[in-house]
Amino acid sequence: MRCPYCGSYDDKVIESRTMANGESIRRRRECLSCGYRFTSYERIEEKPFMVVKKDDRREPFDSSKLAKGIERALEKRPFSPTMIESIVNDIEDEAVMQGKISREIKSTDLGELVLRRLHEIDKVAYIRFASVYKHFENLDEFINEVNKLGGDK
């Protein structure tokens with residue numbers, strides 16, 4: 001580690017201490033060239049979980065965006081904020097498991113996870129989300145999607 005005082009790379013660790021529930025290590029160091037003492041911190045750098053958009057852009061996964069879409073679909077439906085939070089957490093967990101190796105998920109796969117979950121819990125919310133997600137262009141597409149639900153009561 002480079003000494004912040006003289007710039008030398010020659011130092012020794014005097015003391016190490018685990019910090020923040022084992023998520024980082026604080027080290028007291030002493031420069032062997034000038035004797036200056038300084039502190040360094042070491043922590044694991046995790047690769048962020050990414051969402052691959054339709055145009056191949058990648059952006060960090062944002063659970064608040066997911067929550068906003070689900071809240072909109074479940075608006076004025078009999079679901080408490082706690083239930084919605086649980087749904088969002090479940091979908092996020094499933095998305096992370098799907099993209100475990102590559103640390104990314106396609107936005108289309110994420111949308112399908114949401115559709116599947118909404119289909120299980122509330123058909124009205126499912127149609128609301130599907131109408132935006134599937135970009136219904138006309139009434140016929142909307143009616144076809146509703147008719148598919150006809151057998152699911």
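Select Lys65 first: at 44% relative accessibility, this residue counts as partly exposed. The scale used here calls a residue buried under 20% relative accessible area, exposed over 50%, and partly exposed in between, with a 1.4 Å probe and protein chains only.

Some ground rules before moving on. The model is predicted, so local features need pLDDT of at least 70 and side-chain atom pairs count only at pLDDT 80 or more, while totals for chains, interfaces and linings use all residues. Residues are numbered from 1 along each chain as its sequence is written, and side-chain values use heavy atoms, with hydrogens and water left out.

**Stop 1**

The term means a side-chain nitrogen of Lys or Arg within 4 Å of a carboxyl oxygen of Asp or Glu. The structure holds 13 salt bridges.

**Stop 2**

Select Asp11 and Arg29. Their closest N and O atoms are 3.1 Å apart, in a salt bridge. Asp11 lies in strand E1 (residues 11–19) and Arg29 in strand E2 (residues 24–31), so this pair ties together parts that are 18 residues apart in sequence. Helices (H or I, at least four residues) and strands (E, at least two) are DSSP runs, numbered from the N terminus. Are Asp11 and Arg29 buried or exposed? Both are buried.

Move to Glu15 and Arg17. Their side chains meet in a salt bridge at 2.5 Å, N to O. Glu15 counts as partly exposed at 30% relative accessibility. Arg17 is partly exposed too, at 44%.

**Stop 2**

Zoom in on E4 (residues 50–52) and E5. They pair in the antiparallel sense over 3 bridges; two strands pair if DSSP finds at least two bridges between them. Which residue in E5 is the bridge partner of Met50? It is Pro60.

**Stop 1: the nonpolar core**

Select Ile70, Leu74, Ile91 and Leu118. They have the most contacts inside the largest nonpolar core, which has 28 residues. Such a core is a set of buried Ala, Val, Leu, Ile, Met, Phe, Trp, Tyr and Cys residues joined through side-chain atoms within 4.5 Å. Helices H1 (63–73), H2 (81–98), H3 and H4 (123–133) each supply at least two residues of this core. Which helix gives the largest share? H4 does, with 6 residues.

Centre on Ile70. Leaving aside neighbours within four places in sequence, Ile70 is in contact (heavy atoms within 4.5 Å) with Ile84, Ile87, Val88, Ile91 and Val114.

**Stop 2: the rings**

A search of the whole structure finds 3 aromatic pairs. Rings of Phe, Tyr and Trp (its six-membered ring) pair if their centres lie within 6.5 Å; planes under 30 degrees apart count as stacked, over 60 as edge-to-face and the rest as tilted.

Select Tyr5 and Tyr36. This pair is stacked, 5.3 Å centre to centre with 15° between the planes. Tyr5 lies in the segment before E1 and Tyr36 in the loop between E2 and strand E3 (37–43), so the pair ties together parts 31 residues apart in sequence. Tyr5 is exposed, at 63% relative accessible area; Tyr36 is partly exposed, at 37%.

Then pick Phe49 and Phe61. Their ring centres are 5.8 Å apart and their planes at 65°, so the pair is edge-to-face. Phe49 sits in the loop between E3 and E4, and Phe61 in the loop between E5 and H1, 12 residues apart. Phe49 is buried at 9% relative accessibility, and Phe61 is buried at 16%.

**Last stop: positive phi**

Select Lys76, in the loop between H1 and H2. Phi of Lys76 is near 60°, a positive value in a residue other than glycine. Lys76 is exposed, at 79%.

Finish on Arg103, in the loop between H2 and E6. Phi of Arg103 is also near 60°. Arg103 is partly exposed, at 25%.
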